[in-house]
Amino acid sequence: MTTVRRAVLTLPAAPLGPDNPLPALRVPARAGAHAVDARTLAGLPRDMARGIGRAPLRSLLPVPVRDGYGRDRAPADLDALVIENDRLRVTVLPGLGGRIHSLHHKPTGRELVHRNPVLQPAAFALNGAWFAGGVEWNTGATSHGALSCSPLHAAAVRAPDGGPMLRLWEWERLRDLPFQVDLWLPEGSDFLRVGVRIRNPHERPAPVYWWSNTAVPEDRRILAPADEAWHHGYERGLDRVPVPADDTGTDRSYPLNSTHAADWFYDLPEGRRPWIAALGADGTGLVQTSTDALRGRKLFVWGTGRGGRRWQEWLTEPGTPGYAEIQAGLARTQLEHLELAGGEEFSWLEAYGPLAADPAAVLGDDWAAARADAERALDGALPRAAVDAAYTAWREHAADGEPETVLAAGSGWGALEVLRGGYELPGTPFPESTLGPAQEPWRALLRTGVLPPPAKGAGPGAPLVSAPWRDMLETAPADPATEYHLGIAQWHAGDRAQAVRSWERGLRRAGVSWPLLYCLAVADREDGHAERAAERFAEAFTDHAGHAVSEEGEAVAAALGREAVTALLDAGRTDRARQLWARLPDGVRGRGAFRLLEVRILLAEGRPDAARAVFDEGFEVADLGEGAEVLGELWARTTDEPLPDAYEFRMRPNP
């Protein structure tokens, strides 16, 4: 019989640490790694160009940046949920985005996905913390999702066949949309079924993004039913190329044949069954297929270059076999977003399981024959009609089923939105009991029309930015805390001049000024006023130092200090940057990100030998961003010697 049960998974893990306490007013730099230039955009099909240009993020609001983690790992017990039948055992981590950590095929004893032996956060999600391995669910906007390391609600529900089903759900805050992921294993089946639904409870249309991302061993051949793909590297291009061999004759269906990190978005012909497989030398491995709504398929490779190898070590541990990623999405590429009308939904069904094909065929030089043999094996193991029938049964008989046993709790933000909007969301309840301290001020605003000020010494609290909350802030009594939050909501809406006016009004009456000074500093920097921005960042740091009595004091000091030192250096205020850096707590100055700032200060002071000494002592910037080249750039200013492997994270050819 199929079962769903709680379990504990013990892994060496780096703690996530506190979220960044500063509001995320800017689009993260890592978003540029997934962009295309204007010339490329003009040459794309019109519907693809429309999808790429649809509703780009203005900021990460209201989501916080998650950068409080480090690189020191210790054994940790992680809450897990296991769904199991006589063929498969699936281990899910509800507290970490609902990630499938393991997909174990019992008859063969094989692990079907790349199972990371450690939990090491890294700055690959839109808002920072993300980790490698397994199967993840990405929604919101282009990149790994903002819920990558966040808890989801989880419960046992009835599957279409009457057996147990595991439901995961949450309110995605970047796009303000609820979603659910239902996982079940029919008795005797080798394939995990996954039903996914994204709902738009609002009257307005909403941009939607979804990619299911599976890590697989990189010593596989990746097959998909396509003869062409859209190739995207880290040079802002998007080119249509033949599959599997490029113009050099290199077969890119083998991840280890690529030197540099890159994406291949397969251009599946209209009407073809969507699937993607990763098969080893014996013709066996993992296959993922779906109903037609999930049209996109992608291969991501790290490449065999020094940068790609270093990233692999960074995300796992030395000696761990490398991995590639096979993915499935709603659009042809991850650069596109679809539009979901108000009151409507997107839903589909995915299936994951083992595939065994003829190795001579699927590994042969004849691409058409390789694909055909893999598809024949898939049709024999799980016919397309069976997938369509499973989707229909799930959507009609199980998707709205109410949870029977609650297994894990997510955030209280969904409950707050349901309380405000009165939404009916069958199958995904967001009860008031899940509201917590972060939501309490907003519940008070909803009930009384007044936003309570933060407690003495506490930070200003988490923001909300959607139009209904902005309207309530505009009519609430205009104290400094309300002006701070109103300005953030106005900034998010694109009304930056009004946001600055709100922050300036709040600043005139504020007893604690650093939150408002920080926001005004960001506005100055965005407007090109580098010197004024630097002064305001420094003033915010100084003001906080005079009021730092809360438990989050060091986190605020570190965040403001990093911003202020960076801004002062950018403005050419080296002496002031040195003075402020010296005022940081010793434990903060010892972190890798601040050792990197020390290198920048030393170089600005004309002391390349001292900067080189910092490199020689060794440091690790835990939240180094995807595609970051700063380590190589600064190293080159200290010496002509080659960049050591420890600092080699460049992902482009000839950066």
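The model is a predicted one. Across the whole structure, a search finds 22 aromatic pairs. Helix H14 (residues 553–570) packs with helix H17 (residues 592–604), and H14 also packs with helix H15 (residues 574–582), their axes coming within 8 Å.

**Helix packing**

Two packed helices are described by the angle between their axes and the distance between the axes.

- H14 and H17 pack at an angle of about 20°, and their axes are 11 Å apart. That angle makes H14 roughly parallel to H17, since the cut-off for roughly parallel is under 35 degrees.
- The crossing in which H14 passes H17 is left-handed.
- On the H14 side, the contact with H17 is made by Ala 558, Gly 561, Arg 562, Val 565, Thr 566, Leu 569 and Asp 570. H17 contributes Ala 593, Phe 594, Leu 597, Arg 600, Ile 601 and Ala 604.
- By residue class, the contact of H14 with H17 has eight nonpolar, two polar and three charged residues.
- The axes of H14 and H15 cross at roughly 165° and come within 8 Å. H14 and H15 are therefore roughly antiparallel to each other, as angles over 145 degrees count as such.
- H14 and H15 also have a left-handed crossing.
- Gly 561, Ala 564, Val 565, Leu 568 and Leu 569 of H14 make the contact with Arg 576, Ala 577, Leu 580 and Trp 581 of H15. Seven of the residues in this contact of H14 with H15 are nonpolar, one is polar and one is charged.
- Gly 561, Val 565 and Leu 569 of H14 are listed both in the contact with H17 and in the contact with H15.
- Helix H8 (residues 440–448) and helix H9 (residues 467–475) have axes that come within 11 Å and cross at roughly 70°. H8 and H9 are therefore roughly perpendicular to each other, because the range for that class is 65 to 115 degrees.
- H8 passes H9 in a left-handed crossing.
- Trp 442, Leu 445 and Leu 446 of H8 meet Trp 469, Met 472 and Leu 473 of H9. The residues of this contact of H8 with H9 are six nonpolar, with no polar and no charged ones.

**Aromatic pairs and cluster**

- The ring centres of Trp 210 and Trp 348 are 5.5 Å apart and the ring planes stand at 70°, so this pair is edge-to-face.
- Trp 210 belongs to strand S14 (residues 210–217) and Trp 348 to strand S24 (residues 345–356), so the pair ties together parts that are 138 residues apart in sequence. Both Trp 210 and Trp 348 are buried.
- Phe 300 and Trp 302 form another edge-to-face pair, with 5.1 Å centre to centre and 80° between the planes.
- Phe 300 is buried, at a relative accessible area of 5%, and Trp 302 is buried at 2%.
- Phe 300 and Trp 302 belong to one aromatic cluster together with Phe 124, Trp 130, Trp 311, Trp 314, Tyr 323 and Phe 649.

**Glu 350**

- Glu 350 lies in strand S24, the strand that holds Trp 348.
- With a relative accessible area of 0%, Glu 350 is buried.
- Leaving out residues up to four places away in sequence, Glu 350 touches Trp 137, Leu 192, Arg 193, Val 194, Val 196, Trp 210, Ser 212, Gln 288, Thr 289, Ser 290 and Leu 294.
- Pro 274 is 76 residues from Glu 350 along the chain, and their C-alpha atoms are separated by 10.0 Å.

**Backbone exceptions**

Most residues other than glycine have a negative phi, and most peptide bonds are trans.

- Leu 61 and Pro 62 are joined by a cis peptide bond, with omega about 5°. Pro 62 sits in the loop between helix H2 (46–52) and strand S2 (74–84).
- Val 243 and Pro 244 are also joined by a cis peptide bond, with omega about 5°. Pro 244 sits in the loop between strand S17 (239–242) and strand S18 (262–266).
- Ala 55, although not a glycine, has a positive phi of about 45°. Ala 55 is in the loop between H2 and S2, and is partly exposed at a relative accessible area of 31%.
- Asp 176, not a glycine either, has a positive phi of about 65°. Asp 176 is in the loop between strand S10 (164–172) and strand S11 (177–184), and counts as buried at 10% relative accessibility.

How values were computed. Residues numbered from 1 in each chain as written. Predicted model: local features only at pLDDT ≥ 70, side-chain atom pairs only at ≥ 80, totals over all residues. Heavy atoms only, no water. Axes fitted to C-alpha atoms, helices over the stretch in contact; angles between N-to-C directions. Helix = DSSP H or I, 4+ residues; strand = E, 2+ residues; numbered from the N terminus. Left-handed = near helix turned anticlockwise from the far one by under 90°. Contact = heavy atoms within 4.5 Å. Nonpolar A, V, L, I, M, F, W, Y, C, P; charged D, E, K, R; others polar. Phe/Tyr/Trp six-rings, centres within 6.5 Å; stacked < 30°, edge-to-face > 60°. Buried < 20%, exposed > 50% of the residue type's maximum accessible area, 1.4 Å probe, protein only.
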